[in-house]
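Student: I would be grateful for a close look at a single part of this model, followed by a connected account of its surroundings.

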Amino acid sequence: MKIKKSKGRIAFEIINVIVIAFLTISCIVPVLNILAYSFSSSQAIIENRVSLLPVNFTLKAYKYVLNNSRFWTSMLVTLKRVVLGVSINVVMITLVAYPLSKSEMKFPARKYYVAFMFCVMLFNGGMMPTYFIVSKTGLIDSIWSLILPGAVPVFNCIVLMNFFRGVPEELEESAVLDGANQLQILTRIFLPVSKPSIATVTLFSLINHWNAWFDGLIYSNHTENYPMQSYLQTMVVSTSSALEEMDIDKMLDLLNVNETNMQSAQIFISIIPLMLIYPFLQRYFTTGLTMGSVKG
């Protein structure tokens, strides 16, 4: 039976479509503009003739970013950082969030730990104390200097903690009656029903590690230890150092590339892996996985 929509409902849906269409266009247009810049010639960009379509199509900007052994070295560093960093983040987030999701009756000191975490999230010692700690522990110029300082992202811990607190207590009580310990309850009950939240904090950690560039600059004394974003940053900012490594042919080709080309190419090279991974995590961004898991 088809339900007749009221005039208010029809107006609401029309406004929804208009607003969503406007937001979609406002997000797509800048991306298309940057993509056009990355494929346009330097002269066309200087003359301000580029809008949403490339002018004098060229791949010179991408060649400068990709046709360099340092780029592939930095890519390898980034891949190592992502694999190790995201794995450690998810494990630490889970181990912190699970006990803090318990009630104060089960974990009396919970409120003190939660208060401490909120303070850590709002205040920190600053860049210099962090650098001294990394330096004194011998982590400079190692992959661990990019991973361990942010091994426990507090905000992600709070996100997962709040999700764990929404898991019905009846699930845990039934597992305890069956003789399950806390580790078994975490791995067999909480994690399977928490896939949306796990996927969310995993994506947050992935984006954080993939896009980070500043820590690579301050914790690495040698450019071969730079992650990809740090390397691309130096490519854009320090043109002179890039010129020192180029032969005559590359220097001649540089006439067809300017800073805007390089920045645009950098943006797209950086987001391509995330664009490929996001669809696989997006399917977990649903709610109600615990519905029906508790039988009355």
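In which loop does N56 lie?

Tutor: The model is a predicted one. N56 lies in the loop between α2 and α3. The helices on either side are α2, residues 42-46, and α3, residues 60-66, and N48 is found in the loop between them as well. The backbone deserves attention at both asparagines. Phi of N56 is near 55°, a positive value in a residue other than glycine. For N48, phi is near 60°, again positive in a residue that is not glycine. Most residues other than glycine have a negative phi.

Solvent accessibility may be considered next.

A nonpolar surface patch includes L52 and L53, together with I25, I28, V29 and L32. The accessible area of these residues together is about 520 Å². I25 belongs to helix α1, which covers residues 7-39. With a relative accessible area of 52%, I25 is exposed.

The largest pocket may be described for context. The space in this pocket is about 1100 Å³. Its lining comprises 39 residues, and P149, G150, A151, V152 and P153 lie nearest the centre. Elements giving two or more residues to the lining are α4, α5, α6, α7, α10 and α11. The largest share, five residues, is supplied by α6. By class, the lining has 25 nonpolar, 12 polar and two charged residues.

Methods:
Residues are numbered from 1 along each chain as its sequence is written. This is a predicted model: local features need pLDDT of at least 70, side-chain atom pairs count only at pLDDT 80 or more; totals for chains, interfaces and linings use all residues. Side-chain values use heavy atoms; hydrogens and water are left out. Patches are made of residues with over 30% relative accessible area and no salt bridge: like charges are joined within 9 Å, nonpolar side chains (Val, Leu, Ile, Met, Phe, Trp, Tyr) within 5 Å. Accessible areas come from the Shrake-Rupley method with a 1.4 Å probe; for residues, only the protein chains shown count as cover. A salt bridge is a side-chain nitrogen of Lys or Arg within 4 Å of a carboxyl oxygen of Asp or Glu. Helices (H or I, at least four residues) and strands (E, at least two) are DSSP runs, numbered from the N terminus. Buried means under 20% relative accessible area, exposed over 50%, partly exposed in between (1.4 Å probe, protein chains only). On a 1 Å grid over the protein atoms alone, a cavity is a set of points where a 1.4 Å probe fits but cannot get out, and a pocket is an open set with protein on both sides within 12 Å along at least five of seven lines; lining residues have an atom within 4 Å of a point. Grid points are joined across faces, edges and corners, and a volume is the space filled by probe spheres set on the points. Ala, Val, Leu, Ile, Met, Phe, Trp, Tyr, Cys and Pro count as nonpolar, Asp, Glu, Lys and Arg as charged, and the others, Gly among them, as polar.
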